[in-house]
Amino acid sequence: MEQSSLLTSVLLFLLAAVIFVPLGKRFGAGPILSYLGAGIILGPGGMALVSDPAAVLHFAELGVVLMLFVLGLELNPSKLWELRSAIFGLGSGQLLLSWAAIGGLAWGFGLSVDAALVVGAALSLSSTAFAVQLMSEHRLLTTPLGRDAFGVLLMQDLAVIPMLLLTAYLAPNSAQIEHHAVPWYWTCLALVGFVLVGKYLLPKLLKLVASSGVREVLTAFALLLVMGSAELMEWLGLSAGMGAFLAGIMLANSSYRHQLETDIEPFKGLLLGLFFMAVGMSMDLKLLISDPLLILGILMAMLLIKTFVLMVLGRIRHHKWRPSIALGLILAEGGEFAFVLLSQAQLSGIVDDKIAQVLVLAIGLSMAVTPILFTLFRATKAKVVDTRLPDTINVTESEVVIAGFGRVGQITGRILASSGIPFVALDKDASHVDVIRKYGGEVYFGDARRLDMLMSAGIARSRLLLLAVDSVEDSIEIAQQVKTHFPHIHIVARARDRNHAYRLMSLGVTDVFRETFGSALSASEKILQGLGLSQVQANERVKIFAEHDKKLVIASAAHQNDLATLINLSNKGKAELESLMRGDRENVS
């Protein structure tokens, strides 16, 4: 019966993930909100398909443990040392100031000093799982802002155990609470032993396991390492997540790091999704009806205090205003360890049941609201409209006009300049133009889509136009302008991909080069040589491929909107290319 119940629960969780995450993405919601929504529907406040959210939450915390292991793999000890100011400076500042402000507010609204201390500690924490996932979605993890946020999260993880010990000490029935049984000196020795084993013995064990050639064994070893490290840290009275994180750091320089990360990733993703669902299940939405002002007041106070504290600290660390506010919003939500603190405070009589339930709901709502607030904040960033007037171009002669002075345009410009061939380069990014000028580059600020700018650049007197702008639509618009007003100009155009090339060719642009095609050919030639072919043989095969591909692109350009014809031409092209290559191999042999 228990096995059937377990299978039913697993089926429910997987079904919810498969349904809600794609639906959420379709309507613009991130995975976190989708999992939260699924949890609310499955939990006691919804369809009541899951009756014990606390048990699910306890199991799903393994997702947070695995996430911290993967993060540890990305940080070698030297990188961690670089974060010391973020951990002990910014992190401790956030923790102490938020704790004091929230605790003081709680005391002012009638809670006892002990209860206010515990509530302040609980609400000052942020969710590692939510914050890291949010930064990952917005590609902020590797930025200075992301590193600072991660440093704060690490400091909070370090502070959890002292907070739990404080809660136990403040409990009226503290004598009945089991204190940490391992003496502090054994904890220190165990930590030293953990680091030594990780540095000297673990890489050898990993190499031995990997030498078996059985991938499942390596996956099992990775899971054993994570769970074992987490269990050891819990036995020492430290955070399980901290143990997994340290284990990841120990293997950050290992040659098996990427393999371990790949093996752990599926388990991490599923368990994190389950964790977010469990948070949604634990939210008693009925309290929103009975005490809406109290819950919303707690929610707003927590978000505002934590955002304000981190905004000020961010400015002290020389972040600009917007990144400082973003730092505050990322870490404004309540954390998963707050549930543990409040549960212990509730059991020990420091906080009564009603207050604990209200706080749990406020924390859950903060996790739901934070991604929305952060996304809205990012959307408020004003687009910079450059009011700068185009440069006045005073050039008597130019044989080439270059539209777009990025990577392609600059290389061509340098070759032309060194060959004594006059040219005029245009770029519509004012800041980019200013940077190039600092290095002595000759480029004018102006939009090549404008006919007057092309005239000013001397397009009518030039022989060639290099079309090297980044935007596909800008490229097509410029090509149309030039073909319409200056049909004598020969256009050499950069294309981002095959479809872009087709559109340019349909306008009559014959010299089209795909931006990665040449480098791919060069790389292929080196690979063939590495496989034993001579330089002449490798060069000949690459040349055959390039000529054949060029003919195929020209033939396909006329049918760019006919998928069936394009597929047919592609299949014929493959057969022709194989025949050409076979003939080349026979000639060589």
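This is a predicted model: local features need pLDDT of at least 70, side-chain atom pairs count only at pLDDT 80 or more; totals for chains, interfaces and linings use all residues.

**The cores.** The largest nonpolar core holds 123 residues, and the members that touch the most others in it are Phe69, Phe275, Met277, Ile330 and Leu331. Phenylalanine 275, when its neighbours within four places in sequence are left aside, is in contact with Leu57, Ala60, Glu61, Val64, Ala129, Phe130 and Glu336. There is also a second, separate core of 30 residues, and among its members are Ala403, Val424, Val469 and Ile489.

**Strand S1 and its partners.** In a regular strand, side chains alternate between the two faces of the sheet. Strand S1, which covers residues 400-403, has Val400 and Ile402 pointing one way and Val401 and Ala403 pointing the other way, and all of these residues are buried. S1 runs parallel to two other strands, as the table sets out.

Between S1 and S2 the chain passes through helix H18 (residues 407-418), and the three elements together make a right-handed β-α-β unit.

Histidine 138, by contrast, lies in a loop, the one between helix H7 (128-137) and helix H8 (144-170). Is histidine 138 buried or exposed? Histidine 138 counts as buried because its relative accessible area is 18%, and the cut-off for buried is under 20%. Apart from its neighbours within four places in sequence, histidine 138 is in contact with Phe374, Thr375 and Arg378.

**Rings.** How many aromatic pairs does a search of the whole structure find? The search finds 1 aromatic pair, formed by phenylalanine 405 and phenylalanine 423, which are stacked at 6.4 Å centre to centre with 25 degrees between the planes. This pair links distant parts of the chain, for phenylalanine 405 is in the loop between S1 and H18 while phenylalanine 423 is in strand S2, 18 residues apart. Both phenylalanine 405 and phenylalanine 423 are buried.

Two arginines also sit over rings: arginine 315 lies over the face of tryptophan 321, at 4.7 Å from the ring centre, and the charged end of arginine 322 is placed over the ring of phenylalanine 377, 4.3 Å from its centre.

Terms used: Residues are numbered from 1 along each chain as its sequence is written. Side-chain values use heavy atoms; hydrogens and water are left out. A nonpolar core is a set of buried Ala, Val, Leu, Ile, Met, Phe, Trp, Tyr and Cys residues joined through side-chain atoms within 4.5 Å. Buried means under 20% relative accessible area, exposed over 50%, partly exposed in between (1.4 Å probe, protein chains only). Contact means heavy atoms within 4.5 Å. Helices (H or I, at least four residues) and strands (E, at least two) are DSSP runs, numbered from the N terminus. Two strands pair if DSSP finds at least two bridges between them. A crossover is right-handed if, with the strands pointing away from the viewer, the path from the first strand over the helix to the second runs clockwise. Rings of Phe, Tyr and Trp (its six-membered ring) pair if their centres lie within 6.5 Å; planes under 30 degrees apart count as stacked, over 60 as edge-to-face and the rest as tilted. A charge sits over a ring if NZ of Lys or CZ of Arg is within 6 Å of the ring centre and within 35 degrees of the ring normal.
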